[in-house]
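Hi,

Here's the structure I promised to pass on.

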Amino acid sequence: MSILRLFMELIKPLTRKKEAELDPFAGINMSTPEDVDAQTCLTDYRKCDCFNEYYIWENRFDGVESDKDLARMKNTPMVWPETAFHVDPPSQSQRAWDIACEIIDITAKKDVKELNLGKIMDRHDYMALNTLPETIGECKALERLVLYGSNISSIPREISGCVSLKAFEPYTSYRLHWFPYEMTKCRHLSNSCISTRALYGNYKIRPPFPNLSIHRWEWPTGKCYCSVCGGEAACMEQYWTTQPVAADVIPLLVSVCSNACLEKIGDSPKDYIKRPHRGGLQIEQPEAI
Ligand SMILES: [Zn+2]
Ligand SMILES: [Zn+2]
């Protein structure tokens, strides 16, 4: 049985009608500016402002006509500001969070193999989610996880519990700039579809990594365990590394209990900062390609 049918049978009463699939503006009065904003949210994949400086720089030639100005602007270097994590509640609405938890619960209990969250949830609810429930790690049979066009900005490290995961597709989730190192523990993961330009340190535009000496990432569970050995410790250091995961090379946040665990992290591929680092503007990245 497909999860869509399971969902319809088991938790449909929790959700609004599925009219949004037929008409995304159903029920919305578009006569006020606020409603026009709502319309934009429904039709466009929402981006954040994190890399805005780059896009302004990239479009610096727009409207410039004189050769002199063009030549001058051609030599204008890109100056990145510091970047910082999105610090969001798990969801903008309790209802959306409850529904997501129920769906993950069903996925785990019924050994569902493929989950496309955006197809199951009402679009309003789907766009209210900023992360996934940590119970995603209980989905032992899950082979394919699709999160197209979501607003998700972090993936729980419990994703490592998805031992059957073969395909991970958060494509066009433009607020998703990094992943937990624990993703490297999904041994069967071989397919991925990720929006590269949204990632910290990506080879196309090289956005800086948040400075971990200033912005430590707080996992919601509050437990301190090492991403490498799994051991618990009172104090954990966080680092960035960039590693191949499935079909992509992605930035990973790693928590380590000791230098010994830090040393166990492999070198990054050639066009990335070789060893784990703490991020920030002072870290020099290779040139954009
Ligand atoms: Zn962002
Ligand atoms: Zn360790």
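P180 sits opposite L253 in β7, and F179 faces L252 of that strand. Those are the two bridges through which β4 and β7 (residues 248-256) pair, in the parallel sense. By pairing I mean that DSSP finds at least two bridges between the strands; strands are DSSP runs of E with at least two residues, helices are runs of H or I with at least four, and both are numbered from the N terminus.

Before going further, some housekeeping: this is a predicted model, so local features need pLDDT of at least 70 and side-chain atom pairs count only at pLDDT 80 or more, while totals for chains, interfaces and linings use all residues. Residues are numbered from 1 along each chain as its sequence is written, and chains are lettered from A and ligands numbered from 1 in the order in which they are written.

Back to the sheet. It is open, with three strands in the order β4-β7-β6 and mixed pairing. β4 (179-180) and β6 (237-245) are the edge strands; each has a single partner, so one side of each lacks a neighbour in the sheet. β6 and β7 run antiparallel and are joined by nine bridges, with P244 opposite V249. Their hairpin has two residues between the strands, and A246 there takes a positive phi near 55°.

β7 is mostly covered, with eight of its nine residues buried. Buried means 20 or more other C-beta atoms within 10 Å of the residue's own, exposed means 12 or fewer, and partly exposed is in between, with C-beta atoms placed from the backbone. Across the protein, 33% of the 289 residues are buried.

For contacts, the cut-off is C-beta atoms, placed from the backbone, within 7 Å. Leaving out residues up to four places away in sequence, L142 touches T107, V112, K113, L115, C162, S164 and L165. Of the contacts between residues at least 6 apart in sequence, 61% join residues at least 24 apart.

E169 is partly exposed, because 17 other C-beta atoms lie within 10 Å. With the sequence neighbours up to four places away left out, its contacts are L145, V146, L147, Y148, S192 and C193.

Cheers

Methods. Two residues are in contact if their C-beta atoms, placed from the backbone, lie within 7 Å.
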